[in-house]
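This report goes through one protein chain, from its overall make-up down to single residues. Please keep the sequence and the structure in view while reading.

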Amino acid sequence: MGGYIEIFDSSTFLSEGKIKVGKSPMDIEEDEENLYVINFEEGTLSVISKRLKKEVDKISIGGMPKSIKINGSYFIISDYFNSRILIINSVDYKKRTIAVGKEPSAMIIYWFSSVNNKFITFLDLLQLDIFH
């Protein structure tokens with residue numbers, strides 16, 4: 001048994017229908033063509049075509065994915081069960097991981113050019129490293 005997301009018209013707030021996704025959908029992101037839904041209990045990422053309004057791909061990522069962000073051509077996904085961040089190339093779905101603290105839940109991608117704070121943690125997406 002899977003889960004669903006519901007699509008609403010933004011001007012009328014009326015439902016345009018439901019789209020079947022994986023079990024326990026937890027978070028959603030979008031780009032110009034697709035919606036990306038994290039399925040917590042199933043350990044998958046559902047790819048939903050906005051044009052077709054249906055799931056067109058499902059990517060197995062394992063663990064218990066809790067949140068997703070998109071940064072360029074990468075999906076950045078927190079894995080609650082395995083205490084890691086997954087960096088997945090959106091073209092070929094190759095995965096890289098970064099171990100983080102226990103049970104990561106939410107994320108924000110924050111870019112800045114200067115900081116006056118002493119204790120900042122940076123996530124270097126190109127080198128896949130955490131530094132302070």
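In what order do the elements of the protein chain run from the N terminus on? They run β-β-β-β-β-β-β-β-β-β-β-β.

## Basis of the model

This is a predicted model, in which local features need pLDDT of at least 70 and side-chain atom pairs count only at pLDDT 80 or more, while totals for chains, interfaces and linings use all residues. Residues are numbered from 1 along each chain as its sequence is written, and side-chain values use heavy atoms, with hydrogens and water left out.

## The chain as a whole

The protein chain has 0 helices and 12 strands. Both kinds of element are DSSP runs numbered from the N terminus: helices are H or I runs of at least four residues, and strands are E runs of at least two.

The chain has 132 residues, of which 32% count as buried. Buried means under 20% relative accessible area, exposed means over 50%, and partly exposed lies in between (1.4 Å probe, protein chains only). The chain exposes about 8600 Å², and carbon and sulfur atoms supply 52% of this area. Accessible areas come from the Shrake-Rupley method with a 1.4 Å probe; for residues, only the protein chains shown count as cover.

Contact means heavy atoms within 4.5 Å. Among contacts between residues at least 6 apart in sequence, 30% join residues at least 24 apart.

## A four-stranded sheet

An open sheet is formed by 4 strands in the order β7-β8-β9-β10, with antiparallel pairing. Two strands pair if DSSP finds at least two bridges between them. β7 (65–71) and β10 (95–99) are the edge strands; each has a single partner strand, so one side of each is left without a neighbour in the sheet.

Strands β8 (residues 74–79) and β9 (residues 84–89) run antiparallel and are joined by 6 bridges. S78 stands opposite I85 in β9. The side chain of S78 also has a polar contact of 2.8 Å with the side chain of S67. A polar contact is a pair of N or O atoms within 3.5 Å; within protein, one must be able to donate a hydrogen and the other to accept it, and residues adjacent in sequence count only if both atoms are side-chain atoms.

Is S67 buried or exposed? S67, found in strand β7, is buried, with a relative accessible area of 5%.

## Two loop residues with positive phi

K53 is not a glycine, yet its phi is positive, about 55°. K53 lies in the loop between β5 (44–49) and β6 (54–60) and is partly exposed, with a relative accessible area of 44%.

Y93, also a residue other than glycine, has a positive phi near 65°. Y93 is in the loop between β9 and β10 and is partly exposed, at 29% relative accessible area.
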